[in-house]
Amino acid sequence: MELRERRPVTADPVPPRATLRARDAFAITIGIVVGAGIFRTPSLIAGASGSEFVMLAAWVVGGILSIVGALCYAELATTYPQAGGDYNYLRRAYGPRPAFLFAWARVSVIQTGSIALLCFIVGDYMGQLFDLGPWSSALYAGAAVVLLTIVNWIGTRQGAAVQTWLTIAEIIGVLVIVVAGLMFAPTDIAPIPGSGGESAIGLILVFVLLTYGGWNEAVYVTSEVRDAKKWMPRVLILSLIAVASLYVLVNLAYLKVLGLGGMAEHNAVAAEVMGRVFGPTGAVLMSVIVVAAALTSANATLITGARSVYAVGRDFPALGFIGRWDARSGTPRAAIVTQGVLALALVGLGAFARDGFEVAVEYTAPVFWLFFLLVGISLFVLRRRDPDLPRPFRVPLYPVLPLLFCATSAYLLYSSLAYTGRGALVGVAVLAVGGLLLLLFKPTPHPEETPP
């Protein structure tokens, strides 16, 4: 039975305001991308690479493919700058119900799961610095979720300010690794060569693009960025150029100290490098760096994730309580609290899990790449549907680059399914639950949508 099609009286008509500067969006983008992944995935990538050249080339190719995707998103973000990001594009291209399925997967698994995962990384490393007992990691993780939720509940400017300072600390920390590996590594260290076997290209790209993942989150704050049509393409492209350069330098530092074989042998490659260069003090410094990186990504993920929760509440009357924008704070407060509660619940469940990072990759990657592919296709759909709509930015070399983006997403969807196996079934189950909810929740039509 469908609920009556009307806007609930609790819905807030106040729209998002343009309170963010371009540098805030830049910090949010870099803060999400340069997260804990660069400290964990290089070991897996080195183990799947047959040579140093293949490994370094994979990071360069990953950066290029991400920039191609960013060009596609730049056109969508400047043409349709309303709050909601991917959700908004999917709704315009395919209608409200497929968009709701994306939002459901994002709210219930992708974003909240990412926040919980990142906060668990904070907990793991804080526990090494100040142990609180057997529940140390979960306690620190829960505290991080609560703290970041409160900061962003207070206001957009406060959340953005925290993000800027965390991003600065994170980048300084990563640069410390680069300098330590390339300039201060002891001369008596003998890097271990790789095996020289065949390279698993598909697996390598899964982890490389996973480490680059998150750049698309910047589009969720497009409606809050001043002069977004001018700055969002620059924010997306320049941030990825900066990240790609940083990633290549970090991996060069890893290679100089450990070699390809040494990287493959050590899961915590950054900690191993810092330990070899600076001794026990380096290990402590590395813990601080990882905590800063994880907090940065968690805060940025919380900022952008709340915008998709808000968009769902705005469009589905039955969920109108999360579709309210608070004029005083400039934030979707109800959406932030809802997301924080879900992330905190996942932290509670994760306290009993075997490996949160591995589980998260298993059931989120296939769902993520499925909707990434659909967003890529939506660019073609919306160009055909809205041919006369002003497009402040157009993807160069259309349709070649959008086709490359779609092909890459399709290949990564296949690779993630092949890699995860049964873990992908969890993502399918989550989507199925969202499909059942669609039987109860009827969307509010948008003015631009043509009635069936």
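Mentor: Residues are numbered from 1 along each chain as its sequence is written. In this predicted model local features need pLDDT of at least 70, side-chain atom pairs count only at pLDDT 80 or more, totals for chains, interfaces and linings use all residues, and side-chain values use heavy atoms, with hydrogens and water left out.

Trainee: Why are helix 5 and helix 11 called roughly antiparallel?

Mentor: Helices are DSSP runs of H or I with at least four residues, numbered from the N terminus. The axes of helix 5 (residues 96-129) and helix 11 (residues 280-315) come within 8 Å and cross at roughly 160 degrees. Axes are lines fitted to C-alpha atoms over the stretch in contact, and angles run from 0 to 180 degrees between N-to-C directions. Angles under 35 degrees count as roughly parallel, over 145 as roughly antiparallel, 65 to 115 as roughly perpendicular and the rest as oblique. Helix 5 and helix 11 are therefore roughly antiparallel.

Trainee: What residues make up the contact of helix 5 with helix 11?

Mentor: They divide into 21 nonpolar, nine polar and one charged. Nonpolar covers Ala, Val, Leu, Ile, Met, Phe, Trp, Tyr, Cys and Pro; charged covers Asp, Glu, Lys and Arg; the others, Gly among them, are polar.

Trainee: What makes helix 1 oblique to helix 11?

Mentor: Helix 1 (residues 22-33) packs against helix 11 at an angle of about 120 degrees, with the axes 7 Å apart. That angle makes the pair oblique.

Trainee: And how is helix 2 placed against helix 8?

Mentor: Helix 2 (residues 41-48) and helix 8 (residues 201-212) pack at about 160 degrees, their axes 9 Å apart, so helix 2 is roughly antiparallel to helix 8.

Trainee: How do you know that Arg383 and Glu75 meet in a salt bridge?

Mentor: A salt bridge is a side-chain nitrogen of Lys or Arg within 4 Å of a carboxyl oxygen of Asp or Glu. For Arg383 and Glu75 the N to O distance is 2.8 Å, one of three salt bridges in the structure. Arg383 lies in helix 13 and Glu75 in helix 3 (residues 52-79), so the pair ties together parts 308 residues apart in sequence.

Trainee: Which residues make the nonpolar surface patch?

Mentor: Val146, Ile150, Trp153, Ile154, Val337, Val341 and Leu344 make a patch of about 570 Å². Patch residues have over 30% relative accessible area and no salt bridge, with nonpolar side chains (Val, Leu, Ile, Met, Phe, Trp, Tyr) joined within 5 Å. Helix 6 (136-154) and helix 12 (333-350) each give two or more residues, and the largest share, four residues, comes from helix 6.

Trainee: What is the phi of Leu397, and where does Leu397 lie?

Mentor: Phi of Leu397 is near 60 degrees, a positive value in a residue other than glycine, and Leu397 lies in the loop between helix 13 and helix 14. The peptide bond from Tyr398 to Pro399 is cis, with omega near 10 degrees. Most residues other than glycine have a negative phi, and most peptide bonds are trans.

Conventions: Patch = residues over 30% accessible without salt bridge, like charges linked within 9 Å, V, L, I, M, F, W, Y side chains within 5 Å. Areas by Shrake-Rupley, 256 points an atom, 1.4 Å probe, with all protein chains shown as cover.
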